[in-house]
Amino acid sequence: MPFARLTTATTPTAHIGLGLAAVGRPGYINLHRDRDLPGERTVDELRARTHELLDAAYAQGVRYFDAARSYGRSEEFLGDWLTARPEVRDVVVGSKWGYTYTADWSVDAEAHEVKDHTPATFDRQRAETAALLGDRLDLYQIHSVTPDSPALTDKDLHARLAALAAEGVSVGLSTSGPGQADAIRAALAVTVDGEPLFRTVQATYNALETSAGPALAEAHAAGLTVIVKEAMANGRLAGTEAPAVMREIADEEGLGSDAVALALVLHQPWAGVVLSGAATVNQLSANLHAAVLDLDEERRARLDALVEEPEAYWRHRASLPWS
């Protein structure tokens with residue numbers, strides 16, 4: 001498992017990863033992107049921003065980087081950064097397949113990505129990822145699996161994924177939607193030749209949406225590395241958008257609510273890597289304070305009151321505009 005590299009890391013920030021969804025393409029659903037990104041958002045500007053973030057993250061101890069085929073040019077930007085820094089060999093590089101980016105570098109596209117978990121899409125996107133990341137790819141994840149996804153039952157796809165694993169690339173999945181727990185448990189039952197197929201699971205978990213927690217604990221107990229995405233709920237738990245109780249705890253520590261949101265997830269005993277989706281270096285630095293923020297039982301109890309019903313949470317997420 002490539003994540004074994006993190007067990008020797010001496011910095012607490014090694015278990016915070018950098019996700020590139022917000023900077024690999026001009027449009028995304030995070031709040032306040034107009035404040036965070038340059039107005040033009042050209043390919044060159046976002047490439048420069050991505051490289052600036054990767055440099056800052058690596059310098060501050062971050063050792064997992066997460067991209068996807070549907071994150072615009074995120075794999076290209078990350079691959080260029082790695083090629084220019086051949087001495088950087090202690091990071092773990094993950095990407096995802098299963099969504100095709102369709103926005104043509106536009107914020108106003110009718111459809112930004114199209115989902116397809118068929119073997120044909122895997123074959124095409126695996127070749128595309130290989131062309132950009134080569135042998136630096138450590139982890140390839142099925143993007144956004146739901147309980148009804150054919151990726152959970154397609155034996156031809158499972159055989160392809162097992163062949164990839166035999167080449168040394170770990171195979172994982174990410175989940176989304178109110179049925180995350182069901183998708184995770186179904187994935188744990190998938191085997192090829194009697195061996196579990198998936199070695200990692202990436203799921204949404206945050207102060208508002210905790211429904212996947214028990215299933216993630218089961219995945220961790222089964223030996224999978226758990227990666228947490230959207231720990232700040234696409235910006236709903238950061239800055240002025242954060243609930244009052246989160247801002248109160250942040251003020252007590254002289255930190256931002258973003259650090260509190262990330263720290264809450266880092267305190268989960270099953271959390272292997274928690275992703276920052278920072279779009280600026282200042283955001284990243286603020287996020288990384290989570291690694292040393294202590295949330296005692298009393299504080300965690302105060303945050304428990306924020307939990308929403310999964311269906312309501314995901315309806316709200318689906319209503320967020322691409323900007």
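Which residues does Ala263 touch, not counting residues up to four places away in sequence? Ala263 touches Ala290, Leu293 and Leu295, where contact means heavy atoms within 4.5 Å.

## Basis of the values

This is a predicted model, in which local features need pLDDT of at least 70 and side-chain atom pairs count only at pLDDT 80 or more, while totals for chains, interfaces and linings use all residues. Residues are numbered from 1 along each chain as its sequence is written, and side-chain values use heavy atoms, with hydrogens and water left out.

## The barrel

Eight strands close into a barrel with parallel pairing, in the order 1-2-3-6-7-10-11-12. Strands (E, at least two residues) and helices (H or I, at least four) are DSSP runs, numbered from the N terminus. Two strands pair if DSSP finds at least two bridges between them. On average, neighbouring strands of this sheet are turned by 25° against each other, direction ignored. Axes are lines fitted to C-alpha atoms, for helices over the stretch in contact, and angles run from 0 to 180 degrees between N-to-C directions.

Helix 4 (residues 119-133) packs on the sheet and touches strand 3 (92-97) and strand 6 (139-145). The direction of helix 4 makes about 150° with that of strand 3. Leu173 has Val201 in strand 10 as its bridge partner.

Strand 1 (residues 16-19) is covered on both faces. Ile16 and Leu18 on one side, and Gly17 and Gly19 on the other, are all buried; buried means under 20% relative accessible area, exposed over 50%, and partly exposed in between, with a 1.4 Å probe and protein chains only.

Strand 1 pairs with strand 12 (residues 273-276) in the parallel sense over three bridges, and Ser276 in strand 12 is the bridge partner of Leu18. Two bridges join strand 1 to strand 2 (residues 64-66), and these strands run parallel. In strand 2, Phe65 stands opposite Leu18.

## Aromatic pairs and charges over rings

Rings of Phe, Tyr and Trp (its six-membered ring) pair if their centres lie within 6.5 Å; planes under 30 degrees apart count as stacked, over 60 as edge-to-face and the rest as tilted. The count by this rule comes to eight aromatic pairs. Phe65 and Trp81 have ring centres 5.6 Å apart and planes at 80°, so this pair is edge-to-face. Because Phe65 lies in strand 2 and Trp81 in helix 3 (residues 74-84), the pair ties together parts that are 16 residues apart in sequence. Phe65 is buried at a relative accessible area of 0%, and Trp81 is buried at 1%. Tyr58, Phe65 and Trp81 form one aromatic cluster.

The rings of Tyr313 and Trp314 are also paired, with centres 5.4 Å apart and planes at 80°, so they are edge-to-face. Tyr313 counts as buried at 1% relative accessibility, and Trp314 counts as buried at 10%. A charge sits over a ring if NZ of Lys or CZ of Arg is within 6 Å of the ring centre and within 35 degrees of the ring normal. Arg126 lies over the face of Tyr140, 5.8 Å from the ring centre. The charged end of Arg73 sits over the ring of Trp105, at 6.0 Å from its centre.

## Helix packing

Two packed helices are described by the angle between their axes and the distance between the axes. Helix 4 and helix 5 (residues 155-166) pack at about 25°, with axes 9 Å apart. They are therefore roughly parallel to each other; angles under 35 degrees count as roughly parallel, over 145 as roughly antiparallel, 65 to 115 as roughly perpendicular and the rest as oblique. Contact residues include Phe122 and Arg126 of helix 4, and Arg160 and Leu164 of helix 5.

The axes of helix 8 (residues 244-253) and helix 9 (residues 257-266) come within 8 Å and cross at roughly 100°, which means that helix 8 is roughly perpendicular to helix 9. Met246, Arg247, Ile249 and Ala250 of helix 8 meet Ser257, Val260 and Ala261 of helix 9.

## Two alanines in helices

Ala263 lies in helix 9 and is buried, with a relative accessible area of 0%. The C-alpha atoms of Ala263 and Asn287 are separated by 9.0 Å, and the two residues are 24 apart along the chain.

Ala130 is placed in helix 4 and is partly exposed, with a relative accessible area of 32%. From C-alpha to C-alpha, Ala130 and Glu75 are 9.7 Å apart in space and 55 residues apart in sequence.
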